[in-house]
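Subject: Structure for your review

Dear colleague,

Please find the structure below, followed by a short account of what was found in it.

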Amino acid sequence: MRCNTVHALLDLHLEQQLPEELAQQIERHLMRCAACAFEARTLEQTRNLLRAAIPPVAPSPSFRERAAARLQDALVPHLHPRLEQADTRQWRLPLLPED
Amino acid sequence: MIDHLTGTQFPPQDTHEQRLIARFQQGDPEALATLYDRYVDRVFACAYHLLNNREDAEEVTIEAFLRAFERAATFRGECPLLGWLLVITRNLCRDRQRQPRLLTLEPEVADRHAVRASALCSTETALAVQRALEALPEEYRLVLMLCDVQEWDAREAATILHRSVQATKSLLYRARRALRQQLQDTWNREDATDAM
């Protein structure tokens, strides 16, 4: 396998999305080629550092409560007519406390 | 199943999701609650990364669900419901970005990329990663946040980025290399300073 082929496949290899046989060919190349091994290692380190340094964002629990309450208030009159007849205490958006 | 907006091919929806959507379109409140619970995090993350502001992202998240619920009957199932929700969210973000603001606020950099120290990463390193990320073009930053930090599938990120899946993957690969270069440059400069 040539270096430019390895470079083109490194991201997929990093994401473990290559067929086993192809992944093994790349691994064998990385054992022999210091330049490609450096490329692979630094790419993986960069992704790992990014994941370690920046946490995924998520809405706060207080937002989820506020949003659920607003949606519930806004949607009851607009949804299917059967909702207007329904006892709204029977359904709750998640995280909304019971009365 | 193809998203005609981006040409993205999605796997068929599972039957549970299909049943849930059918019930949602008929106004079943339990289905609505389940879908909200399932997708609120992703809708929020999408808005947050497009707007760079938690407060605006929260408002858009609520608006996106309201709009989706109001238009449920128009959802034809040509793409996954999440994709449809993300397109609504993206459009709402664009509307919001076009609105004039009375007060121009600095982007919430510190909040947007709240860094964390861990066993794998000191606070100093985390801050360097944050600065390197901030130095990248917007589209690089966005694809890295969606795919590598939020760990979204490239098909979902493609919906937000309005690109094909292949173009999204190419963008991601270029972005990873640009981030690596930024970090290398930063640390090379620091090494040079230390050596003086």
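Between chain A and chain B an area of about 4200 Å² is buried, and carbon and sulfur atoms give 64% of it; buried area is the accessible area (1.4 Å probe) that two parts lose on being put together, summed over both. On the side of chain A, the residues that lose the most area to chain B are A:Leu50, A:Ile54 and A:Val57, together 15% of what that side buries. The contact (heavy atoms within 4.5 Å) takes 42 residues from chain A and 52 residues from chain B.

This is a predicted model, in which local features need pLDDT of at least 70 and side-chain atom pairs count only at pLDDT 80 or more, while totals for chains, interfaces and linings use all residues. Residues are numbered from 1 along each chain as its sequence is written, chains are lettered from A and ligands numbered from 1 in the order in which they are written, and side-chain values use heavy atoms, with hydrogens and water left out.

Nine salt bridges are counted between chain A and chain B, a salt bridge being a side-chain nitrogen of Lys or Arg within 4 Å of a carboxyl oxygen of Asp or Glu. One of them joins the side chains of A:Asp11 and B:Arg176 (2.8 Å, N to O).

A:Phe63, B:Phe44 and B:Tyr48 form one aromatic cluster; rings of Phe, Tyr and Trp (its six-membered ring) pair if their centres lie within 6.5 Å, with planes under 30 degrees apart counted as stacked, over 60 as edge-to-face and the rest as tilted. Both A:Phe63 and B:Phe44 are buried, that is, under 20% relative accessible area, with exposed over 50% and partly exposed in between (1.4 Å probe, protein chains only).

Yours sincerely
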